[in-house]
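Here are some worked exercises to go through with the viewer open. Try each task on your own before reading its solution.

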Amino acid sequence: MTQINAYLSFGGNCREAMTFYQHCFGGELEVKTFSEAPGDMMAGAAKDQVMHARLSNGGLLLMASDGLQEAPVKGNLVNLNINCSSEKEINSFFEKLSEGGHITMPLADQFWGARFGMLIDKFGIAWMLNWEKGGID
């Protein structure tokens, strides 16, 4: 089936952000800079900035770039939602993502039978974390 994946834009701190997300979620991080692009197709781009980054761990895939546009608006009205597979996982992800950020809704049991919380990380990205209780830990 076709998938939709998050692609984040940063204004120069993509490597730092993606390294932070790797700390939070684990997995393999691949980073390509503009200087690695063939020819002069990226003329004018800062050579040390990230052209494309990819963090993968199982079903998690997060991609990002410093981009060629002006600095993006933080968050850009997008929330990234993670459906966690255990209480241990949601607690770990929430704790790590909130480091240096701002919790907008603490993790708590919800009326729909899930544990849920929201935060804005230190890079201005809004996250929602959900764990459907009753699953196997």
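**Exercise 1. Cysteines**

Task: Decide whether cysteine 14 is buried or exposed, do likewise for cysteine 84, and then find how many disulfides there are.

Solution: Keep in mind that you are working with a predicted model.
- Step one: cysteine 14 has a relative accessible area of 0%, so this residue is buried.
- Step two: cysteine 84 comes out at 8%, which makes it buried too.
- Step three: a disulfide needs two cysteine sulfur atoms within 2.5 Å, and by this rule the count is 0.

**Exercise 2. Helix α1**

Task: Check the length of α1, and work out where its buried residues lie around the axis.

Solution: 
- Step one: α1 has 12 residues, and the distance from its first C-alpha to its last is 16 Å. At 1.5 Å a residue, 16 Å is expected, and the model is close to that.
- Step two: list the buried residues of α1, which are Cys14, Ala17, Met18, Phe20, Tyr21, Cys24 and Phe25.
- Step three: look down the axis of α1. These buried residues fall within an arc of 155°, so they line one face of the helix. As a reminder, an α-helix has 3.6 residues a turn, so residues three or four places apart point the same way.
- Step four: step just past the end of α1, where glycine 26 takes a positive phi of about 75°.

**Exercise 3. Helix α2**

Task: Sort the residues of α2 into a buried side and the face turned away from it, then find what the buried side packs against.

Solution: 
- Step one: within α2 (residues 87–97), the buried residues are Ile90, Phe93, Phe94 and Leu97. Seen down the axis of α2, they fall within an arc of 95°, so they line one face of the helix.
- Step two: Lys88 and Glu95 are exposed, on the face turned away from the buried side.
- Step three: the packing partners of the buried residues are α1, β5, β6, β7 and β8.

**Exercise 4. The largest nonpolar core**

Task: Which residues of the largest nonpolar core touch the most other members, and which element gives the most to it?

Solution: 
- Step one: this core has 29 residues, and those touching the most other members are Phe10, Tyr21, Phe25, Leu97, Trp127 and Leu129.
- Step two: at least two residues each come from α1, β3, β4, β5, α2 and β8.
- Step three: α1 gives the most, with 7 residues.

**Exercise 5. Aromatic rings**

Task: Classify the ring pair of phenylalanine 25 and phenylalanine 93, and say how far apart in sequence the parts are that it ties together.

Solution: 
- Step one: the structure holds 9 aromatic pairs. In this one, the ring centres are 4.7 Å apart and the planes lie at 85°, so the pair is edge-to-face.
- Step two: phenylalanine 25 belongs to α1 and phenylalanine 93 to α2, so the pair ties together parts that are 68 residues apart in sequence.
- Step three: check burial. Phenylalanine 25 is buried at 6% relative accessible area, and phenylalanine 93 counts as buried at 10%.
- Step four: widen the view. Ring pairs link Phe10, Phe20, Tyr21, Phe25, Phe93, Phe123 and Trp127 into a cluster.

Conventions. Residues are numbered from 1 along each chain as its sequence is written. This is a predicted model: local features need pLDDT of at least 70, side-chain atom pairs count only at pLDDT 80 or more; totals for chains, interfaces and linings use all residues. Side-chain values use heavy atoms; hydrogens and water are left out. Buried means under 20% relative accessible area, exposed over 50%, partly exposed in between (1.4 Å probe, protein chains only). Helices (H or I, at least four residues) and strands (E, at least two) are DSSP runs, numbered from the N terminus. The arc is that of the directions from the helix axis to the C-beta atoms. Contact means heavy atoms within 4.5 Å. A nonpolar core is a set of buried Ala, Val, Leu, Ile, Met, Phe, Trp, Tyr and Cys residues joined through side-chain atoms within 4.5 Å. The expected span of a helix is 1.5 Å times one less than its number of residues. Rings of Phe, Tyr and Trp (its six-membered ring) pair if their centres lie within 6.5 Å; planes under 30 degrees apart count as stacked, over 60 as edge-to-face and the rest as tilted.
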